[in-house]
Every structure is written in structure tokens, then in C-alpha cells.
Amino acid sequence: MKTTTTITHNGIELELVGVYTKGEQGTYYDQDGSGTPYSPPTFDVEEITLIDSNINILALFSSDDIDEIESKAVDNLTD
């Protein structure tokens, strides 16, 4: 589901637009191996803008920063 959330990253307020997936609770595996494994919630960021700005600054972040930003978004959306 496409959603918008705000986070603080390195002291900067950012607005994120992306796809949030709640994840699924897993089931215990039966003796025959059937069952569904747990999948955590995820947020795949598509746009990053400074609060009160229209400029998408996604390209300015490293992939490690994007991973951290997406993790913060998931925390924000699951609280």
C-alpha cells in the first residue's frame, strides 16, 4: 500500500513516500513441512523530500542510508 510518513534522519525532518507492507505472522511448521514463515513489515521508499519542499532528494542518499531510512519508516508505521 502506497503511503506517506515523516521521520527524522541525522537531525533532518524528511517526508517519505513509498510502499508499506505490514508483513505476515508466520505459522508453526507441521511435521510434513507445511506452514508459512514469518515475514517482517517493509517500507520501500520511492520519494524523499525535505519537509515543506517539493524536491525529491532520494538520489542524494547512499544505499545504506536508504536501508536505515526504510527501517525508521517501518518503525514509525508499526507504532
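Predicted model: local features only at pLDDT ≥ 70, side-chain atom pairs only at ≥ 80, totals over all residues.
This report walks through the fold, the sheet, the core and a few individual residues of the structure above.

Residues are numbered from 1 along each chain as its sequence is written, and side-chain values use heavy atoms, with hydrogens and water left out.

## Overall fold

Let us start with the whole chain. The protein chain holds 1 helix and 3 strands, where helices (H or I, at least four residues) and strands (E, at least two) are DSSP runs numbered from the N terminus. Along the sequence the pattern reads β-β-β-α.

The C-alpha atoms fill a box of roughly 55 × 20 × 20 Å along the principal axes. The radius of gyration of the protein chain is 16 Å, while a compact globule of 79 residues would have one near 12 Å. That radius is taken over C-alpha atoms, and the globule rule is 2.2 Å times the number of residues to the power 0.38.

Of the 79 residues, 24% count as buried. Buried means under 20% relative accessible area, exposed over 50%, and partly exposed in between (1.4 Å probe, protein chains only). The chain exposes about 5500 Å², with carbon and sulfur atoms supplying 48% of that area; accessible areas come from the Shrake-Rupley method with a 1.4 Å probe, and for residues only the protein chains shown count as cover. Among contacts with a separation of 6 or more, 50% link residues 24 or more positions apart, a contact being heavy atoms within 4.5 Å.

## The sheet and the helix

The 3 strands form an open antiparallel sheet in the order β1-β2-β3; two strands pair if DSSP finds at least two bridges between them. β1 and β3 stand at the edges with a single partner strand each, so one side of each has no neighbour in the sheet. On average, neighbouring strands are turned by 35° against each other, direction ignored.

Between β1 and β2 there are 8 bridges, and Ile 7 stands opposite Leu 14 in β2. α1 lies across β1, β2 and β3 and runs at about 110° to β1. Axes here are lines fitted to C-alpha atoms, for helices over the stretch in contact, and angles run from 0 to 180 degrees between N-to-C directions.

In a regular strand the side chains alternate between the two faces of the sheet. On β1, Thr 3, Thr 5, Ile 7 and His 9 make up the covered face, whereas Lys 2, Thr 4, Thr 6 and Thr 8 make up the uncovered one.

## The nonpolar core

The largest nonpolar core has 12 residues: Ile 7, Leu 14, Leu 16, Tyr 20, Phe 43, Val 45, Ile 48, Ile 57, Ile 66, Ile 69, Ala 73 and Val 74. β2, β3 and α1 each supply at least two of its residues, and the largest share, 4 residues, comes from α1. Such a core is a set of buried Ala, Val, Leu, Ile, Met, Phe, Trp, Tyr and Cys residues joined through side-chain atoms within 4.5 Å.

## Individual residues

Most residues other than glycine have a negative phi. Asn 10 has a positive phi near 55° and sits in the hairpin of β1 and β2, which has 2 residues between the strands. Asp 52 also has a positive value, near 65°, and lies in the loop between β3 (42-50) and α1 (63-78).

Thr 49 is found in β3 and touches Glu 13, Leu 14, Glu 15, Asn 54, Ile 55, Asn 56 and Ile 57, not counting residues up to four places away in sequence. Val 19 belongs to β2; beyond four places in sequence, the contacts of Val 19 are Met 1, Lys 2, Thr 42, Phe 43, Asp 44 and Glu 46. Val 19 and Thr 5 are 14 residues apart in sequence and 11 Å apart in space, C-alpha to C-alpha.

Here is how these residues compare in accessibility.

| Residue | Relative accessible area | Class |
|---|---|---|
| Asn 10 | 63% | exposed |
| Asp 52 | 81% | exposed |
| Thr 49 | 9% | buried |
| Val 19 | 27% | partly exposed |
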